[in-house]
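Hi,

Here is the structure I promised to pass on.

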Amino acid sequence: DLYLRASELDEDPATMNEAIALYEKAIELDPWLAIAHTNLGNIAFRRQDAEKAETHYQHALSIDDRQPEAKYNLGYLMLERGEPEKSIAYFLGALEAEPHFADAYFNLAMAYEQVGEPEKARPLWQSYIALEPHGTWTDIARRHL
């Protein structure tokens, strides 16, 4: 219940501190609640604290090494840092854990393009479009194709 309440508050800057407190209490009650660490990482990332975000994502994976959200977010963090080669393994891991994770296809394609392997990106753009047939990001994926 604490986790669910926190997840309703964690994207609004006005309620982020309350969300943090709720996530921390949920973790205190259930230390194996990996997704709460992932969401704490998301809050840290939104607050421009990439180091703290990475710590939370890594902790989430130490609890549940198949959690696709933590793997995806670590990949995204690496991509944002300008380390696309490091991001690839995380995006692949996210897709292995959750084959319908559209954003992971999109960002994995971006990573492959950034490391100079556009041939690997093409089927990923197609997979993204199949999962998300409409929208701004879909238009971007189509332009890459």
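This is a predicted model: local features need pLDDT of at least 70, side-chain atom pairs count only at pLDDT 80 or more; totals for chains, interfaces and linings use all residues.

Residues are numbered from 1 along each chain as its sequence is written, and side-chain values use heavy atoms, with hydrogens and water left out.

**Overall fold**

The secondary structure amounts to 9 helices and 0 strands, where helices (H or I, at least four residues) and strands (E, at least two) are DSSP runs numbered from the N terminus. Read from the N terminus, the order is α-α-α-α-α-α-α-α-α. The C-alpha trace spans about 45 × 30 × 25 Å along its principal axes.

Of the 145 residues, 46% count as buried. Here buried means under 20% relative accessible area, exposed over 50%, and partly exposed in between (1.4 Å probe, protein chains only). If you take contacts (heavy atoms within 4.5 Å) between residues at least 6 apart in sequence, 39% of them join residues at least 24 apart.

**Charges and salt bridges**

There are 13 positive and 26 negative side chains, and the centres of the two sets lie 3 Å apart. Lys and Arg count as positive and Asp and Glu as negative, leaving out His and the chain ends; each charge is placed at NZ of Lys, CZ of Arg, CG of Asp or CD of Glu.

The count of salt bridges (a side-chain nitrogen of Lys or Arg within 4 Å of a carboxyl oxygen of Asp or Glu) comes to 6.

- Asp1 pairs with Arg5, with the closest N and O atoms 3.7 Å apart. Asp1 is exposed at 69% relative accessibility, while Arg5 is partly exposed at 41%.
- Glu28 pairs with Lys25 at 3.3 Å between the closest N and O atoms. Both sit in helix α2 (residues 16-29), 3 residues apart, so about one helical turn separates them. Glu28 is exposed at 58% and Lys25 partly exposed at 36%.
- Lys86 pairs with Glu83, the closest N and O atoms being 2.9 Å apart. Lys86 is partly exposed at 46%, whereas Glu83 is buried at 18%.

Cheers
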